[in-house]
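Please keep the 3D view open as you read.

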Number of protein chains: 2
Amino acid sequence: MANSPSGESVISRVVRVMAAFDRDVPTMTLSGLARRAGLPLTTAHRLVDDLVLHGLIERLPDGNLRSGMRMWELAARGSRALNLRELALPFMDDVQAAVHQHTTLAVLDHGTVLYVERLSSPKSSLDAAHIAQRMPIHAASSGLVLLAFSPPGFQDEVLSGPLAPVTPETVVDPALIRKHLAEIRQRGYVALPGIGVTEWTGIAVPVFGPGKTIAAALNAIVPRQEAAVPVTVPALLTAANGISRALKASAVPRP
Amino acid sequence: MANSPSGESVISRVVRVMAAFDRDVPTMTLSGLARRAGLPLTTAHRLVDDLVLHGLIERLPDGNLRSGMRMWELAARGSRALNLRELALPFMDDVQAAVHQHTTLAVLDHGTVLYVERLSSPKSSLDAAHIAQRMPIHAASSGLVLLAFSPPGFQDEVLSGPLAPVTPETVVDPALIRKHLAEIRQRGYVALPGIGVTEWTGIAVPVFGPGKTIAAALNAIVPRQEAAVPVTVPALLTAANGISRALKASAVPRP
C-alpha cells in the first residue's frame with residue numbers, strides 16, 4: 001500500500017529510517033539519516049517530518065534527530081520482550097550476584113538471536129551482547145541452546161543456510177554443530193569459548209514456556225581463562241528453572 | 001505523504017494500529033485490532049499484512065496478532081529510555097532493596113509522565129505505574145517533581161491547561177500546585193498521598209542531567225498508612241544523586 005515510485009511501501013521506508021539509529025550512533029543530522037537509511041534526501045525529509053509529528057523521532061535543540069520516546073512506548077506496550085524481561089529480571093539479578101559477570105536473556109527472532117535483556121556487571125570489561133542487538137544463531141551460546149530445543153525442521157533450515165564465522169573459533173561445520181546440539185540436549189547447557197567473542201566464554205541454558213516449548217536462553221559471559229564454568233552452570237540452571245516456572249504461571253490458559 | 005482518501009498519513013494509521021496493543025490486551029484478532037484502532041477492516045487488513053511482513057506485528061499460530069519483536073528492537077536501538085534505564089537500574093535496585101516497594105523512573109514526554117522503568121516488589125500489591133504507561137503530570141508525584149524543575153514557560157502551559165482529577169485527592173487548583181512546586185524546589189522531594197492512586201503515596205525526587213537540566217524523576221510508591229516517607233526520602237535522594245552522576249559521566253561532550 002502507498003508505494004513510492006520504486007514500489008517500496010511507506011512502512012518499509014519507516015523501518016529503514018528507524019533502523020538507522022543504534023547504540024553507537026543514537027543521534028544524527030537529516031542528511032546523515034538519509035545516507036544511513038539509503039533514501040534520497042527529499043524522501044527522508046518528508047518521512048522524518050511526519051515521524052517527528054507523531055513523536056516517533058525527536059528533533060533535538062541542535063537540530064539533530066533521535067529515536068523518540070513515543071516509538072519506544074508504542075513498541076513497549078504489549079511487548080513480548082518486556083513481559084519476558086519483567087518475569088526474568090529478579091532471577092537474572094540472582095545470577096549476577098552469584099557470578100559477577102554480564103547476564104543476558106535472548107530469544108530467536110527472524111532467524112537470529114535477539115538479546116532482550118542484559119544486566120551489566122561493573123566487573124566485566126566486555127562490550128558485547130547489548131540489549132536489542134542480534135547475533136547469528138551458530139555464533140552465540142544462547143543461539144545454540146535455542147536451536148537445540150527447536151523443532152528439527154527449523155534446525156535443518158538454519159544448518160543448511162550460510163554459516164559465516166564471527167571469530168576464528170566459530171563452529172561452521174553443520175555436522176559438528178549437530179553434535180553440539182545433541183550434547184546440549186543431554187547436558188542441559190552449553191559452554192563454548194570464543195565462538196562469538198574471542199577471549200570470552202558464553203554459558204547458556206534453556207528457559208521453557210508452557211508445554212515445554214523453548215522460550216528463551218539465559219546466558220552468562222565469563223572470561224575464558226577463568227575456571228568459572230563449573231560454578232556458573234548451577235546458578236544459571238537454578239535461575240532458568242525459576243523463570244520457566246514464572247512463565248508457566250503467567251500464561252493465560254487457552255480454551 | 002502517502003495519504004488515505006481521508007487525508008490521514010500511513011504513519012498516523014500505523015501509530016493507531018500499534019497503540020491498540022497494550023499490557024491488558026497484548027494479543028487480538030484482526031477485526032478486534034481494526035475496532036480498537038478505529039480503522040475500516042479492509043484498511044487494517046492491508047496495513048497489518050505489511051506490518052507482519054516487516055516483523056512489526058507477529059501472527060500467532062492461532063491467528064491472533066501481537067506486537068512484534070522487530071518493533072521492539074527498532075525502538076530499543078538508540079533509545080533514550082533504554083540508555084537512561086541502563087544507567088539507573090543498579091541504583092533502582094539499591095532503593096528497592098532498602099524500601100521493599102515499587103520503584104519507578106519517569107520522564108516528561110508530550111505533556112505527560114511516561115514511566116520508562118519499574119522494578120516491582122513482590123511485597124507490593126499495587127497494580128499501577130507500569131513500564132510505558134502514562135499519567136497526567138499533576139496527578140503523579142513524578143510529574144510534580146519533573147514540573148518543579150522545568151522552565152517557567154512549560155509550567156505555565158501545563159497549569160493553564162485542563163487539570164482533571166484522577167482521584168478525589170488529585171490537586172487541580174493551579175495556585176495550590178504552584179505552592180507544591182515551590183516546596184519541592186526547596187525540599188528536594190515530594191510526597192503527596194492519594195493524588196494518582198488512592199491508598200498509596202508516591203514519593204519522588206529529581207534526577208539531573210548535564211548542566212543541571214531535569215532528566216527524570218525517581219519514585220517509590222508506598223502504602224499511605226505506613227510511616228515510610230522519612231526513611232524512603234534519603235534512599236531516593238542517594239540513588240538519584242548516583243543516577244545524576246552517571247548521566248553526567250556518560251554525556252558526550254559537545255563542542
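## A salt bridge in chain B

B:Arg36 pairs with B:Asp22 in a salt bridge, their closest N and O atoms being 3.3 Å apart; the term means a side-chain nitrogen of Lys or Arg within 4 Å of a carboxyl oxygen of Asp or Glu. This pair links distant parts of the chain, 14 residues apart: B:Arg36 belongs to helix H2 (residues 30-37) of chain B, and B:Asp22 to the loop between helix H1 (10-18) and strand S1 (27-28). Helices (H or I, at least four residues) and strands (E, at least two) are DSSP runs, numbered from the N terminus.

B:Arg36 has 40% relative accessibility, so it counts as partly exposed. On this scale, buried means under 20% relative accessible area, exposed over 50%, and partly exposed in between (1.4 Å probe, protein chains only).

## About the model

This is a predicted model, where local features need pLDDT of at least 70 and side-chain atom pairs count only at pLDDT 80 or more, while totals for chains, interfaces and linings use all residues. Residues are numbered from 1 along each chain as its sequence is written, chains are lettered from A and ligands numbered from 1 in the order in which they are written, and side-chain values use heavy atoms, leaving out hydrogens and water.

Over all chains, the count comes to 28 salt bridges. One of them joins the side chains of A:Arg224 and A:Glu169 at 2.7 Å, N to O. Here the partners are 55 residues apart, with A:Arg224 in the loop between strand S9 (214-223) and helix H9 (229-250) of chain A, and A:Glu169 in the loop between helix H7 (152-160) and H8. A:Arg224 is partly exposed at 30% relative accessible area, and A:Glu169 is partly exposed at 34%.

B:Glu183 and B:Lys179 also form a salt bridge, with closest N and O atoms 3.8 Å apart. Both lie in helix H8 (residues 174-187) of chain B, four residues apart, about one turn of the helix. A network of salt bridges links A:Arg70, A:Glu73, B:Asp109 and B:Arg134.

## Two crossing helices in chain A

How do the axes of H6 (residues 141-148) and H8 (residues 174-187) of chain A cross? They come within 9 Å and cross at roughly 75 degrees, which means that H6(A) is roughly perpendicular to H8(A) (65 to 115 degrees).

From H6(A), A:Leu144, A:Val145, A:Leu147 and A:Ala148 meet A:Ile177, A:Leu181, A:Ile184 and A:Arg185 in H8(A), contact being heavy atoms within 4.5 Å.

Note on methods
Axes fitted to C-alpha atoms, helices over the stretch in contact; angles between N-to-C directions. Parallel < 35°, antiparallel > 145°, perpendicular 65-115°, else oblique.
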